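Visitor: Could you walk me through this structure, one question at a time?

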Amino acid sequence: MEMQIKRKDLLGLEDLTREEIEIILNTAKSMREILDRPIKKVPTLKGKTVVNMFFEPSTRTQSSFDLAAKRLSADTVSVSTKGSAVQKGESLLDTLLNIDAMKADAFIVRHWASGAPHFLAKHTEAAVINAGDGTHEHPTQALLDMLTMEDRFGKIEGLRVLIVGDILHSRVARSNIFGLKKMGAHVTLAGPPTLLPEYFKELGVEICYDIDEAVKDKDVIMALRIQKERLEEAYFPSIREYRKYFGITRERLKRASKNAVIMHPGPVNWGVELDFDLIQERESLILDQVTNGVAIRMAVLYLFIRGEKAHE
Amino acid sequence: MNRKLFKGGTVVDVLRRKVSKADVLVEEGFILAVEPSIDASDAEVINCDGLFIVPGLIDMHAHLREPGEEHKEDIGTGTSAAIHGGYVAVVSMPNTNPPCDNRSVVEYILRRSKEEDKAEVLPCGTITKGRKGLELAELSDMHEGGAVAFSDDGSWVQHSGVMRRALEYTKFFNGLIISHPEDSTLTHMGLANESALTTKLGLRGMPVAAETIAIFRDLELARLTGGRLHIAHVSSKDSIELIKRAKEAGIKVTAEVTPHHLLFDETKLVDYDSNYKVNPPLRSAEDREALLDALKEGIIDVIATDHAPHADFEKMDEFNAAPFGMIWLDFAFPVLYQSLVTSGRLDLIKLVENMSLKPAKILGLEKLGAIEKGYRASFFAFNPETEVKIDREFIKSRAYNTPLYNFKVKGKIEWTLKDGKIYRH
């Protein structure tokens, strides 16, 4: 298979074909070998410039992209809301155009507005990589989740995956739904109806409001962060009640298959959506996800930054 | 004597519902005669071969942004765009800064309209002081000063008691209350129609129910009070059902639809182009079809543009940050003609009457909205064969926030006549 992707930007997994997803996952596996070497650096993207534009706080994604670029010998620059002209009111587009004028090869964009990377991608020749846009998509997260599942189970096809929590506001859930469906997994969503509207059925997934029922027979149980802000908008009555009916608790997991693994994109509210002691008792892949994140982002940078050097 | 003879054109006669060749003789700002053939040796002759002669359009819903937001538009640029687009009168919405909530602002707008001397501005006053939805503004005084209607446009009057009083109080001068039907507790932070598509796109939804709840309440208040109600920018099939039933029950209600709700639906949002971000949001294709049917059946009375100019720096931004609205005054008629009439989905008379005679009647504008002896000499010449490009040079509005920017449209307004004065384009 020729390991090449013929598109400028990675905006979401909805746009990608199964073949493209496979190319990224396979490339990530070779990248992971680099991470296991004593010298964790290759000259692949030497002379290329990667710009991190993070307009929302991020620990994992930002450091993961930054590290991925550095492992491939690209130069990296970071622009964030704090300490940049964005604080003075410079628009998103002007910020991009000005950095672009310094000759960037890729923009890694995290933004609180859905569609922000799509908007920027129209205004630059450089690759735009969506690092999470509003409540829309977070493609590299879903890719690293799929890589983690593939590692653990050998294949994604036929896996039974449960995603639990605030699906409505989750870009991780959307990207995973698009990606997992394309790769042939069965996806079930669970959560309170206010955070899991029936519109999601149209994406070809199952919806379940009874978590005790939903956890049965699943290979993967992925919990999502429940944001306390949702309380203020009356999506659910209390943290206590959320945990009682929708939390992944020890008691509840007794109903799940022995081989079921726990995943979470982080950051976790331990004791709310996920009990902390579970990760001692059960197989958790949460930190494997993080490790795979660097490999996936190396693969994405490699595949989406064009130019002869990248394909040498 | 200043006589003009418009010779050889095809007149769109909305009163007799026919389109036929006729000459139009104009004197002192009024129409003197409309006949198959007129000879008037003393008149200046304007050749109208190959042109439709169409009654001057009246827009019941436009944002001219003056006073207070002249970086987006002002009465000069707004009325230039209007006259360019065949409009002779435009209702200016009162969500300005300060809002048009008292007679002095009404009079200011009328004075500015006169100074600019293009399309006539018909001020709409607010329903409540400061457009805050709590206390009635001085409605009768504004009416006497020249306000043609009242609306808190941009906000629904959430307080049912206040809305009831507005509909009731204005009866003594036969005032018109325009409702912006949106229960904002259901649309908080909303960006798009609530649907499977926008849920997938991660755009916060504004459900149809936010509109139908508001319309239902206002219809009930119009029933209770006997006041005159006009529903702004109807966007959904369910809303049409409510209005249809109310009309059948004899409630005094009229309704408008915008060009964008007739032409576009929510599938336009897949690229996150903020030019399609409007309020009420673009809804489903089914809703769009239902709106066109309702217009044909007369359930919806008027096409009003909701012309909403915004500066480039405001609209060229991520979807969440961009303000709602798009511009229309310069090109609404040619675009609607091409999309609806040329394609055979709406007949020409229907399109024209919805944009001229019907708004004139609702607003109580005498001798306007038709080409008829004794009527004001306000009409325009439309060449259906000439193509125009909607570019910066073409657009007279200060803003150019439209998804049709740089698009070509077949149909050119050659000139607009307003009260006997000709504006060539």
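Guide: Two residues are in contact if their C-beta atoms, placed from the backbone, lie within 7 Å. This is a predicted model in which local features need pLDDT of at least 70 and side-chain atom pairs count only at pLDDT 80 or more, while totals for chains, interfaces and linings use all residues. Residues are numbered from 1 along each chain as its sequence is written, and chains are lettered from A and ligands numbered from 1 in the order in which they are written.

Visitor: How many residues of domain 1 of chain A are in contact with domain 2 of chain A?
Guide: The bounds come from an automatic or database domain assignment, which gives domain 1 as 18-137 + 291-311 and domain 2 as 139-289 in chain A. Their centres, taken over C-alpha atoms, are 26 Å apart. On the side of domain 2 of chain A there are 20 residues, and domain 1 of chain A meets them with 20 residues.

Visitor: Which element gives the most to the side of domain 1 of chain A that touches domain 2 of chain A?
Guide: Helices (H or I, at least four residues) and strands (E, at least two) are DSSP runs, numbered from the N terminus. Those giving two or more residues to this side of domain 1 of chain A are α1 (18-35), β4 (127-133) and α12 (286-304) of chain A. With six residues, the top contributor is α12(A).

Visitor: How many of the 15 residues of α5(A) are buried?
Guide: A residue is buried if 20 or more other C-beta atoms lie within 10 Å of its own, exposed if 12 or fewer, and partly exposed in between, with C-beta atoms placed from the backbone. The cover over the buried residues of α5(A) includes α1, β4 and α12 of chain A. Among those buried are Pro139(A), Leu143(A) and Glu150(A). α5(A) is mostly covered, and its buried count is twelve.

Visitor: Which residue just after α5(A) takes a positive phi?
Guide: α5(A) covers residues 139-153. Just after this helix, a positive phi of about 85° belongs to Gly154(A).

Visitor: Which helix gives the largest share of the side of chain B that touches chain A?
Guide: The contact between the chains takes 20 residues from chain A and 16 residues from chain B. Four residues on chain B's side come from one helix, residues 196-201, and that helix is α5 of chain B.

Visitor: Which element gives the most to the side of domain 1 of chain B that touches domain 2 of chain B?
Guide: Here 19 residues of domain 1 of chain B are in contact with 21 residues of domain 2 of chain B. β16 (379-389) and β17 (408-418) of chain B each give two or more residues to the domain 1 side. The most, seven residues, comes from β17(B).

Definitions and conventions. The expected span of a helix is 1.5 Å times one less than its number of residues.
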